[in-house]
Every structure is written in structure tokens, then in C-alpha cells.
Amino acid sequence: MVRFYGEKPYRAAVIYGGPGDIGGMQPVAERLGKTFGTMEPIQSQYTIIALVMELRRQLGLYVKEPITLIGHSWGAWLSLLVASCYPFLVERVVLVGCPPLEEIYAGHIHERRMKRLSKEEQERFVWYMNHMAVISEDGWEDLRQLMIKADHYAQKPNAVSYAHLDGQMYERVWPEAIAMRRSGDLMRYIQSVACPIHIIHGDYDPHPLEGIINPLDSLCIPYRLQILQKCGHAPFDEKFAEERFYQVLEQILRS
């Protein structure tokens, strides 16, 4: 399934995170759709290769020219994998709140999140992350609030969540993604990405920026970097960074 915003031709596709954070990038698609034709592909598969092939089919059905992939969190990795495997489909990749590309940097995420939560909140957070497939409706809302506290600098007051997390997708795909990063396969794919790479990263994002730029620098992979001040993991949901985020995105799409 694909949702569409704005008029053809479709210049951009937003790729949400999670894995399984279905609808998490809808606000971005709605905003960009006012100026650029924008697609929101919905992920429905439960392995990485199936997700890559699904996104390839979704793009191939509706675009005639290479398109910009705007990937948030896990969606940044998925965008890079598609750009590596199907370069004729992708004009450029925008990485928003990208997780570390090498395992050595991954431990810093949990450490930073835990420092922003109380001891009791830490225990709840860890339990939820280890039991995604059985979380109740109330539990999802509690986890969402914990994630907001751990990942945001200052959530905008009128923020509306369109996301529904597919816990089964998270529990099946994310361990596979971690294994790909740990083995070095992720960077082997990224090394073959030929299109321009843009990085948009909040200065308060618990995902360490050095975990993205150091691996790219080590392989001499070029990129353009925009650091957003007073901004956490989801710039489109931040009080102080939202407008600057969209300014940067629109500049990239017009270039």
C-alpha cells in the first residue's frame, strides 16, 4: 500500500522508522505534499530482503524518474539499502535521525536514553522493548510517552501521532538489522551507494552523530550534513527545530 500527497510527479518518498512504526512519517508527507508530490510507502514485510523488494516494487509502480528517499531512523537504513540495490530508482537519500552504522557506537544510544528517564521509567522502558509483541494498548501509549521523554528535546505542543507500531515487525526485523550492522554487511551495502547522501541530525538525538559520519569518512563516502539545534530524534516533531527541518528538506528537494 502507498499513500499519496500533492500532485504528480512524485519527487520524494518518506520511509518511516521502527521497524514497524507505521504512519510515523505521515506529518512529513503531508507537509511536503503541499509543494512536492510525495509518496508514503507502507511497510508490510517481516524480513529485510522482503522490505527492500517491497519498497522497490512500490517505487517502480508510481515513479518514472529517480526519486528522493527521506528515511527516518530505521527508514534511513532501508533507504540506503534500496539505493544500493536499485540505484536507477534513487536520486538522493536523506538520512533523518539515522542510527549508528557500526556496532561500536550503538551502546551510546541506550546510555543516553536511560540518563533522561527515572529508574522506574527505565525499568518500564526496558520491559517494553523486550516484549513488543505482547504490549497492551495502554502499554503502547506508555511506551510512546517514554520515547518522547528519552528522544525529544522539546516536543511541539500540537504534535499528533499517526503512528501504529507493528510489534511483530520490530521483533523480527530489528534483530536482523543489528546482525547486519554487527557483521559489517550494512556498510558493505552502503559503500556501493552512488547517489548523494544528505544527513539531518538533531544535536539532542540519542543516536550519536559520530556513528554515522565516522564510518562514512573511513570509506571516503561523501555526504552533506545539517545539524539541527535544540532537536532530538524526530525533527518534524520538535518545537524549536521543525521549521528549520522543513526548510532544509525543501532546499534539498529543489536542488
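This is a predicted model: local features need pLDDT of at least 70, side-chain atom pairs count only at pLDDT 80 or more; totals for chains, interfaces and linings use all residues.
Where is P19 found? P19 sits in the loop between β2 and β3 (21–22).

- Strands of a sheet pair through backbone hydrogen bonds, in a parallel or an antiparallel way.

**Strand β2 and its partners**

- β2 covers residues 10–15 and β5 covers residues 67–72. The two pair in the parallel sense, over four bridges.
- Within that pairing, A12 has T68 of β5 as its bridge partner.
- V14 is bridged to I70, also in β5.
- β4 (residues 37–41) is another parallel partner of β2, over three bridges.
- On the β4 side, Y10 has G37 as its bridge partner.
- β2 is mostly covered, with five of its six residues buried.
- In a regular strand, side chains alternate between the two faces of the sheet.

**Helix α3 on the sheet**

- S73 lies in the loop between β5 and α3.

**Helix α6**

- α6 (137–151) has 15 residues.
- From its first C-alpha to its last, α6 reaches 21 Å, close to the 21 Å expected at 1.5 Å a residue.
- Its buried residues are G139, D142, L143, L146, I148, A150 and D151.
- An α-helix has 3.6 residues a turn, so residues three or four places apart point the same way.
- The cover over the buried residues of α6 includes α4 (107–115) and α5 (119–130).

**Aromatic rings**

- The whole structure holds nine aromatic pairs.
- One of them joins Y153 and Y204. How are these two rings arranged? Their centres are 5.4 Å apart and their planes stand at 85°, so the pair is edge-to-face.
- Y153 lies in the loop between α6 and β7 (164–165), and Y204 in the loop between β8 and α9 (210–218). The pair therefore ties together parts that are 51 residues apart in sequence.
- Y153 has a relative accessible area of 40%, so it is partly exposed.
- Y204 is also partly exposed, at 27%.
- F4, Y10 and Y62 form one aromatic cluster.

**Charges over rings**

- R116 lies over the face of Y204, at 3.6 Å from the ring centre. Y204 is the tyrosine that pairs edge-to-face with Y153.
- K230 lies over the face of F240, at 5.1 Å from the ring centre.

**Cis peptide bonds**

- K8 and P9 are joined by a cis peptide bond, with omega about 0°.
- P9 is found in the loop between β1 and β2.
- P19 belongs to the loop between β2 and β3.

- S73 has a phi near 55°, a positive value in a residue other than glycine.
- Is S73 buried or exposed? S73 counts as buried because its relative accessibility is 10%, and the cut-off for buried is under 20%.
- C220 is not a glycine either, yet its phi is positive, at about 55°.
- C220 lies in the loop between α9 and β9.
- C220 counts as exposed because its relative accessibility is 67%, and the cut-off for exposed is over 50%.

Technical notes:
Residues are numbered from 1 along each chain as its sequence is written. Side-chain values use heavy atoms; hydrogens and water are left out. Two strands pair if DSSP finds at least two bridges between them. Rings of Phe, Tyr and Trp (its six-membered ring) pair if their centres lie within 6.5 Å; planes under 30 degrees apart count as stacked, over 60 as edge-to-face and the rest as tilted. Buried means under 20% relative accessible area, exposed over 50%, partly exposed in between (1.4 Å probe, protein chains only). A charge sits over a ring if NZ of Lys or CZ of Arg is within 6 Å of the ring centre and within 35 degrees of the ring normal. The expected span of a helix is 1.5 Å times one less than its number of residues. Contact means heavy atoms within 4.5 Å.
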